[in-house]
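Biologist: I am new to this structure and would like to go through it with you. Could you put it up, please?

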Amino acid sequence: MSTPPSPPSGPGHSWPPPSPQPAWGPPPGYGQQRPGLNGFALASLLVGLLCFPPLGIVFGAVALVQIAKKRERGKALAIVGLAVSVAMTGALVFTAERVASAVGDRFGTLGGLPDADTDVEGELTDMDDLRVGDCFNVPGGDLMDERPLTYKVDCVQVHHGEVTASKSLGAADAPGSAAGEDERASEDACWKAQDEYAMDTWALPEYAEMFYYAPSRQSWREGDRLLLCVIGTTEEEWRGSLRQDAAALKPEQVAFLRAANAVEFVMSRPPEEEVEDVLGTYRAWAAQVHAVLGDEAKVLQNDQARPGLEKAVPAQLKAIEEARAAWQRAAQARTAAEFDKQWGRAMAALSLDTEQALRGAYGLTTEVPQWLEDSPGHSQGDDEDPEGGPGRRPSAEAV
């Protein structure tokens, strides 16, 4: 039997400690809790995208500070949220500036926003939302404002304006396409619209004026395409609609008024230059007057057998025939003096008394409007003074 050796004797001598045994177990840190996701990091991204970007910037900054202190997860998410919130805030500021600019253009830089104390009857309605037949008021009755605030009312109430046309313009109608042509085209379009809306032009109140709102060059660049035509009645209190279109008249009245209004329209739109300067243009205009008078004559010829028209129609046909002969000679005139002479004769041939009797026979208004009585060439036989003869319409106001 063997015995273990004795430990070495003497101070400082002992058996060495046994070798450590290999150990198996979890890696260091096993069982410790994983760092949590910082809530402000996620909130920064969500708020920046979906809600209020400036607040997302605040959440993103708070998230980065907390993550550094608490060693939480979400640093990348916080950075993305912060970047998105900054970008969205920039977009929000840009949009707000554009809206503020549009509001400033809408209400005017001098007038500012509408005064809450402004006493205007009606419901505030954007001008773009007005439709044909709508009646409206404007603050102070100022229809000459570039884009007045419009308050829609029932036409039975006192109102300042009534819409005769609202149309969207095309690229060919862009302002500045030719000097003065865009304004003239808009005015002509609105006169024609008014003639279809209130066909019996003699029935309009004498203080009624035609206004039209057309895009300016600047507003066109900003997307404005609206042409709004209005009958304004701001000088006196007016109630009721002025609408008297084809649906409210007899077929024979409609046919006559369309022909008569076409004559009135063309005769009121002579060239703007002097006859001596653009004789050829005046000759073309005279040919156009000759043609529309012929169209009126055809309508009257079809109606001359109608009861009540037996006397009035032949009298007007005779006047038209004489006027057309003078207009034809004017269209062939070789000098400005000759043109003026024939122009005066043509105007003198058309009698207000004859037209008054004709309108009465058709069952239309017979009271001669003041603006027509003030046209010296229309009912007086002054062969040498055609001036004022074509100016049969009241003035139009461009806004």
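Modeller: Let us begin with one side chain: that of Asp200 makes a polar contact of 3.0 Å with the side chain of Thr365. A polar contact is a pair of N or O atoms within 3.5 Å; within protein, one must be able to donate a hydrogen and the other to accept it, and residues adjacent in sequence count only if both atoms are side-chain atoms. This is a predicted model, in which local features need pLDDT of at least 70 and side-chain atom pairs count only at pLDDT 80 or more, while totals for chains, interfaces and linings use all residues. Residues are numbered from 1 along each chain as its sequence is written, and side-chain values use heavy atoms, with hydrogens and water left out.

Biologist: Where is Asp200 found?

Modeller: Asp200 is in the loop between H4 and strand S5 (209–213). Helices (H or I, at least four residues) and strands (E, at least two) are DSSP runs, numbered from the N terminus.

Biologist: Is Asp200 buried or exposed?

Modeller: Asp200 counts as buried because its relative accessible area is 3%. Buried means under 20% relative accessible area, exposed over 50%, and partly exposed in between (1.4 Å probe, protein chains only).

Biologist: Which residues does Asp200 touch?

Modeller: Setting aside residues up to four places away in sequence, Asp200 touches Gln244, Leu257, Arg359, Leu364 and Thr365. Contact here means heavy atoms within 4.5 Å. With Arg359 there is also a side-chain polar contact, at 3.3 Å.

Biologist: Let us turn to the disulfides. How many are found in the whole structure?

Modeller: The search finds two. A disulfide is a covalent bond between the sulfur atoms of two cysteines; here it is taken as a pair of cysteine sulfur atoms within 2.5 Å. One joins Cys135 to Cys155, with an S to S distance of 1.9 Å. That pair links distant parts of the chain, 20 residues apart, with Cys135 in strand S2 and Cys155 in the loop between S3 and S4. Both Cys135 and Cys155 are buried.

Biologist: And which cysteines form the other one?

Modeller: Cys190 and Cys229 do, with their sulfur atoms 1.9 Å apart. Cys190 is buried at 0% relative accessibility, and Cys229 is buried at 1%.

Biologist: What is the handedness of each link?

Modeller: The link of Cys135 and Cys155 is right-handed, with 95 degrees about the S-S bond. The link of Cys190 and Cys229 is left-handed, at -65 degrees.

Biologist: Which strand does S2 pair with?

Modeller: Strand S2 (residues 135–137) is joined by two bridges to strand S4 (residues 161–168), and they run antiparallel. Two strands pair if DSSP finds at least two bridges between them. Cys135 has Glu162 in S4 as its bridge partner. S4 also pairs with strand S6 (residues 226–232), in the antiparallel sense, over seven bridges. In that pairing Ala165 stands opposite Cys229.

Biologist: What about His159?

Modeller: His159 sits in the loop between strand S3 (150–153) and S4. A polar atom of the His159 side chain lies 3.4 Å from the backbone oxygen of Cys155. Leaving aside neighbours within four places in sequence, the contacts of His159 include Cys135, Phe136, Trp238 and Arg239. His159 is buried, at 1% relative accessibility.

Biologist: Now the core. Which residues of the largest nonpolar core touch the most other members?

Modeller: Of its 53 residues, these are Phe256, Trp285, Leu300, Trp327, Phe339 and Trp343. A nonpolar core is a set of buried Ala, Val, Leu, Ile, Met, Phe, Trp, Tyr and Cys residues joined through side-chain atoms within 4.5 Å. The largest share of this core, 10 residues, comes from H8.

Biologist: What does H8 pack against?

Modeller: The buried residues of H8 pack against helix H6 (251–267), helix H7 (279–303), helix H9 (336–349) and helix H10 (352–361). Among those buried residues are Leu317, Ile320 and Trp327. Helix H8 (residues 312–331) has 20 residues and reaches 28 Å from its first C-alpha to its last, close to the 28 Å expected at 1.5 Å a residue. The expected span is 1.5 Å times one less than the number of residues.
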